[in-house]
Every structure is written in structure tokens, then in C-alpha cells.
Amino acid sequence: MAFSSAHRVIITAALLCCGWAGAAESGKPNFLLLVGDDLCWRDLGFTGNKQVKTPNLDRLRTQGMQLTGMFTPAPTCSPTRHALYTGLHGIRSGAYPNHTRVYDGTKSVFTHLKAHGYRTALHGKNHVGPKDSFPFEILAEANDDNFSKSRDWITKDPSKPWLLVFASNDPHSPWDRGDPGQFDPATITLPWYLHDNPETRRNFANYYAEITKLDWQVGEMLRMLDATGQADNTLVMFVSEQGNSFPMGGKWTLYDNGIRAAALVRWPGKVKPGSASDALMQYTDVTPTILEAAGIDPLAIDTGCPDAMGRKGFDGMSFLSVLSGKSTKFREVVFGQHTNVGISGYKDPYPIRCSRDSRFKYIRNLAPENTFEIGGFGKTLKSWAKDAKGNPSLARMIDRVAHRPAEELYDLQADPRELENLAKDPSHGPTLARLRAELDGWMAQQGDKGMATEMVAHTRLGHERTSASKAERNDPSKREPAPSPPKPAPKAPAKPNVLFIAVDDLRPDIGCYGNTIAKTPNLDRLAARGIVFNRAYCQQAVCSPSRSSLLTGKRPDATKVWDLNTHFRSALPDAVTLPQHFKANGYHTAALGKVYHRGYEDGRSWSEPHWYSSGQTVDTDPADWRKRITQKTGAGVVEYKDGKPEKDEATGKAKGPAYEVSPKPDDELPDGRTAAEAVSRIAKLARQEKPFFLAVGFLKPHLPFVAPKKYWDMHDPEKIPGPSIATLPKGAPAFAGHDNGEIHGYQGVPKGNPIPEAFARTLRHGYYACVSYTDAQVGRLLDALDREGIAANTVVVLWGDHGWQLGDHGLWHKHTNFEQATRAPLLLSIPGKATAGSKCETPVEFVDIYPTLAEACRLPAPAGVDGKSLVRLVDNPAGAWDRVAISQYPRPGGKVGSGGPVMGYSIRDGRWRLTVWRGRKNGDVVATELYDEKNDPAETVNLAEKPENKPVIEALSKHLPPVR
């Protein structure tokens, strides 16, 4: 029923007189959710189809935002709608076969909104159940185009906001509701995935006609809002559901034709007209978004249906920040699931699962030996089969519908039609492994046991299904009982898990340390969950000494590791390391990436071999730590786009350029591959009752500065600050610095010092890009903890092994006792602490991390460590602390392991840094430096010679280690 212009004027005037002023009296927005049925995302005017007629949807596109990255979680009607309304994926909620229902007690968007004063109703196709989980008023059944029922309902009570779902049955087959005269079967252009014959053309013309019928319905609903004066206070969302039911049209498959959805959102004053976003998102994100738009915190919602880990929140997340334009990215990966049970009977089940990122799609066919059969293809496929006789190409096309390999991998950028399966291409091995791991983690969180889950799918078929037999509908005893909801996760382990994140060469140039240029939302998110130790210092500003010290709790003079060529067990063969202590106390311990310095691993620390993104694991012989045991695990990844650089004939070293704007995606670089493995491990470790200690080491921002282009694009190099001082401090000894030898070892770096400013600016840009790249990987780990429901029982610590000099004092890299080299980030999140989000300004040391984690996890205090637990500072960040931070560095190199002729010991308290250089043999003081970090944080002048500072030097010198 269409409204004439006169009717709309009369209705609008009447409603305004009754108190409708374009807004509910409550001040909360209304919601109109428009849902198509069996509509391929490609088949609309605003998605680029120039044949189909969709003027109302095209106009809605100009009035709001197009979401080009929206995906359904399943390619059939009922699971899709259940996910849309509950914010939960189907296997978790029980609604995973078609014509299904959720577990009793599961709540929906209708439940949540009604609890907050909203009225809720549905006009059109229902297809969800049970009723208790979906408490909406039914205004009209499917195919009822009397829109006066909806108009009367939205104007019924102006004191309450509302949610109205218009769920069309169009263009669902049999395509008999549209005007067949609108499209000439002989002249329409068929899409690439269809075989061209008269049967296909006739059906496709009728399908287009029914899309136009849907568009008219959408127009009537929008005109209803205008006529009632409610358009300005109503968030309108349109989604197209899954693909059409032509062979390869998408329905019943997990190809993009099946699970990609057309989506539009209009919200006057909130969403920019004519805008678009390609952020990845799913139907499960719609309910949390609606709730947040209504002023309801989706993170506080109990969905009534726990996942396999016992987590009761949504699978979805609110994308309100995308709608507002504040965010351009949302999800890294989306997932899909298909179950043919209930469509083709119970024989030969053909379960399918998939994971998809912005470029690649991974599909897992759990029963590839079976034949995929769907009765819904009907006459169209039969006509194809007839034509296939004598047509080998068509026969192969039909066979692809029926038979598929166990795994499929598609590069959607190069192959958007998903025709070239790359699953067996070795060059795509890392991508395949990453998306496998993502899918494994999602299935575990959902409680998806693969074929075992399919074999009980028929018990999820409810009386709501339209395909149920009359006997089944009338006699419940003929239906098998529904299984119980998923069991809650095993009881959390008595001791918390530990996620131990090491970042190489990371200085505190991140947001939570006050840097406004850096783009580090995930590190900042971690900081908000815990404590930022603003003055944390390593024991020696170079990789192996720092890591050996932290992991043993002993200072470099005890480990005897002052260089990159010594294993700490040479001096401390019986040392019990930090992870080894956890392992001895019942933890499963594992290491991924750079934790110990490469080549100096420690097998005693871990419950399994140390994993690397290079496609290798490393263990050590339990009887002889000097014997490394390496094993190839698969194709590794390398960072340079052209592979590993060749060795330099002069130096024998294989170092490529100092920086590279990489064309590779995250996971084809080492740290992205490490993050993917960590996500997979977290999913597996979360399912065991034994607590875990998972160490994840990221390489960036260590040289070379190689990061994907999108991270370079985040930063304007002109806005990245340069050093406050580009020379050594006035009065400092020359050996306090170095000759920048590390960076000069890379190709393309200009010879000599100082580094030219133009090149230096590029290096700083590369450093910041790498920090943002690592930040993104850290975010994936935090997301995994949240997804598995174990964040509340996991201690997270993140540390940079030392600082880094970006031209400060004319120096690049670390290798000094200056503040920029010795100070590094330390973020510590201990669940349940009231001080989360606080900063501690007290100087602390990395040797303190070992005893801190032991106390936080209620383990026995480690014996013989040099550090002190920081838990008291976590409880009271401003509390008293009677210690200073001590760092050291040898000069010059001397023979391997000797520590050099002089050793500089640097003592840092709340204001001062004292560095005393002593001879290694006799302990004679060779030079002294003193810097006022409060008044001279750039360390421009050495104040050691000023008489008035003698008391400061004497007081701090008491902390120097004894001469040995």
C-alpha cells in the first residue's frame, strides 16, 4: 500500500500535533532494520549492478554509509537471522542448521531493548525461535505488503522508542512475486557464475523482478518514516542476507557470493551521507551496535548462552566507531559456517567452515569425500546437467558445485571470483597456516567439534521451520530432543595464566607514555588494563645481556653475558629461569619468536621446543645445554620482499636495506606470522585445565625497519620529532658513545657520521611504522584472550628489551648508558587490581619482573634473584620504594666475554643519573657522568665536575657493585 503525497502531509501534521516531533519523547533513537532474503550482494544498483532497478536503495546509499566489508556468518536464512538478532554465531547458540532455533535461555536484541524500555516488532519473515528468546510483536506475516500495520505500530506510543524489523521474503525463490515484464530474459546479461540457457535466463529475470519488488518495499518503509516525522531520529540499516539460490550464486556455500552482504546505514546527524567503509564486520556485530547506539553497554550484556570457554558476552562487537568515522578498521578476520543437514536430509552431511581476512579466504570442507547436494538448485541445475552432455567445461563447472577438496585458499585481490585454489601452493603456506589457526581458534571458542557437531545438527531443527513435515509439526514426539546448551568452560585454573610479550628495541615512544605522534591503540589498551611503569630500566642496553638478565633475575655481572656471544649457562649452569620456575610449579611454558637471543635458547625453560616464524623449532639437549636441536616445521617467512639478502663479501654478513615499505600483508612478515601462531596457541592452551606461561617475542622495531605500507602511511614523517640533542653531552667522555656501527652495516646507509638529516627522517619514519605494526600484533593477542574468555585470569606483561636512540646524542640504536638506551616500556596487567590504568613514576628494573610475576601468580618466591617484586607498587603506584635502577655497558669491546677494559655502571634514581666508568681489572674510576633528568632530560651537560653535586655523586655511588 503506497502513500500519496496528500496522505503523507495529512499523517505528518496529525502526528506532529500528537507530540511526534521527529524524535521519541525518551530521547533515544528508534531502529528500523530492513532485511532482504536470498539476495546476492552483487545484485543491487548501489553495488554496481546496472541492470537491476533499485532506486530506493540507491537513494538510501546517498543518505548514509555503505558497509562494503559486511559478512553473514552462514549462507542460509535461519542461522543468518538468529546471528543478526542475537550477536552470537550459530554453533554457539545452537542455531546452525537451517530452520533452526537457539538454546533455551538465549537472549536477543529484542530481549535487551525491551529491558531498557523499547517496544519491538517484526513485519515479515520470522524464521527464528523459540518465542521466549525473540519477544517481538508480529505485525504481519511474510509476503504481507500492508504497511499500514507497521505505520500504526510505530505511532502507537510516542513515549517509547522502538525497534522494527522488516524482514522481506523477497527475492527468495520461486521468484513469482515481481513483475515479470520488467526484465527481458533474452537481453539481460547473466553474471559470470551462471551457465547461459533459457531456463537460467527466465529464472534470473524473475529474480531481478523480485529484487525490484524488495526495493519498492524498502521505499514504502522509508516513506512511512518520513510521513510520521520519525526519519531524523531513526537509525535505518539494510542488509541483503546471503547469496541467491542459483548454482554458484552463493547460498549454501562459503564463497563470497554466499556470505558477503550488501549493507547500508542511515542515521541523520550521526552517519555521514554518501560515505563508505570497507572495514570487515559480521552480522553478529549488528546487535551490539544497536545496543550501543541506544545507550546500552554491549560489554555488560549477558547473552544467556555461554561459549565453550564459559564467556557470556557477545561474539559480535559494536562498530559504532566505524559509523561515526572515528575508525577505519574493525575486524582482522571474519568467519563462516555451513551445515546442509535439514536442507538435504540427513545423509552425506557436507559441513563447511571458513576464515577470511581483507585479502585471503580459507575454506575447510570437513567431508570432501561426500557429494554436495542441495535440492534448492532445482530445475536450473537439472537443465545445466542436460546441457553438460558433450560440454566438458560445463561438466567441470557442475562438478565443482558437487565436489570440493578438503582445503581451499583464494587470493581475493588477484582472484575475486575464487576460481584458483592456492591451498597447495608452497608460497602461500604462511597464509594458509595463519588462516587455519584463526579458524581453529574460532571453532574452539564456539564449541565446534566439526563432524561430531554435524551429526547432531538434526536435533537443532525446531517447529519453527517451514520445511518440517506435517507429522513432525503436529507430533513433537516425532522430533528428536534438542541437546543441552554448551557446557561452561572448565573451572579456571587456580593460578592465573601469563602472557609474556617481549618487543625488541622498543623505546617509550608510545601513546600511553605520552607520545601523541605514535599510533599505538593496542599498547594503550593494555596500559589501561594495568600499570604503566614510566621509569623502567634494562640492565644492559643490548639484546642478549638484557634478556639473559631479565629471564634469570640476575645482573649481567652474575650471568657474565655482556655481549652477543655468550650463553648465560656458561656462568650459571644450574640457574632456574623465569619460565623454568613456572614450569616447575605446574605451568605449561612455551616460547614463540625472539625471547632469548637467537642462537642462545634454553630448552630447560620450556615445555616444548622454541618456535620461530622461520619455519623452525629449537630445543637444547637436557643433558648438555650447548647442543641445539633444530627441527624444520614448514615454510617460514622472511621480511624483505625479495627474500634473504646475499652476504656482503667484505663483512660476510647478510644485511639488506635499513628500511623497506613492504608490499606484504602482516602475516607474510615474521611478527605477523608469530602473532598468528600465538592466537592459535592461546585457543589451544585456553582449553586445558593446566595454566600456561606463553612467551611471545616480536622483532620490530629492531632494524631493518620493514613494515607493511599501511603502517608507514599512518605517520607523517614531517611530524615525527627529531632528537633534542644531536651530539654527545658537553663534558662526557668520548667512549660514552659509539660509531653507529650497527646501522652502518645495512645496505644503503650513507657512510660516516652524522647520518644525513633526510635519511635520518626516513629512518625515524620507519621506526614509527614498525612500532605501529607491532602494536597491531599485540592487539591480536589481546583480542584472543578476550575471545577465549580468559582475559580475566591472565597476567599480561609487555616489555621492550631496552630503549633505542633515533639520532639522540648523534647515536643510532642502543649500546650506551644514556636514558634513551636504558629506559624501555614496561606494562603490567594483573587482573582484579583496582589500580588499573595508573602510572608508576618510581624507577624500577627488569630484574624485578621475575619475582613480580612469581608473586602475582602465587608461586614460591624465586631464590637468589637480584630483583624485587613490584606487586606492592601495582597495589600502590605512589608507594615508597627504597631502590634505584642500575644499568651497565662495557667499553671498548675487548675479547669475547671479557666485558672490555672498562665498565660503565649507571645508577638512576627519581631525579639523577650517575654513570661511573671503572677499569675492569683494578676498579679505578676512569670517568664520571652526572645528569639532572628533571631539569635536563635530554642529557645535554655532564654535571659531575660541579662541586655542589659531590653529595649527589657520593650518595648514588653507594649503589655501585663492589669491585671484583
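Ground rules. I am working from a predicted model, where local features need pLDDT of at least 70, side-chain atom pairs count only at pLDDT 80 or more, and totals for chains, interfaces and linings use all residues. I number residues from 1 along each chain as its sequence is written, and side-chain values use heavy atoms, with hydrogens and water left out.

Tryptophan 267. I found lysine 270 over the face of this ring, 5.7 Å from its centre. Tryptophan 267 sits in the loop between β8 (263-266) and β9 (275-277); strands are DSSP runs of E, at least two residues, and helices are runs of H or I, at least four, numbered from the N terminus. Is tryptophan 267 buried or exposed? Its relative accessibility is 11%, so it counts as buried (under 20% relative accessible area; exposed is over 50%, partly exposed in between, with a 1.4 Å probe and protein chains only). Leaving aside neighbours within four places in sequence, I get contacts (heavy atoms within 4.5 Å) from tryptophan 267 to Pro29, Thr234, Leu235, Ala293 and Leu320.

Aromatic pairs. I searched the whole structure and got 37 of them. Rings of Phe, Tyr and Trp (its six-membered ring) pair if their centres lie within 6.5 Å; planes under 30 degrees apart are stacked, over 60 edge-to-face, and the rest tilted. Phenylalanine 568 and tyrosine 596 are stacked, 5.8 Å centre to centre with 20 degrees between the planes. This pair links distant parts of the chain, 28 residues apart: phenylalanine 568 is in the loop between α18 (556-559) and α19 (578-584), tyrosine 596 in the loop between β18 (588-593) and β19 (610-612). I checked burial too: phenylalanine 568 and tyrosine 596 are both buried.

Next I took tryptophan 799 and phenylalanine 846, whose ring centres are 6.2 Å apart with planes at 70 degrees, so the pair is edge-to-face. Both are buried. I also noted a cluster linked by ring pairs: Trp175, Phe183, Phe204, Tyr207, Tyr208 and Phe246.

Helix α13. I counted 14 of its 18 residues as buried, so α13 is largely enclosed by the rest of the structure.

Definitions and conventions:
Lys NZ or Arg CZ within 6 Å of the ring centre and 35° of its normal.
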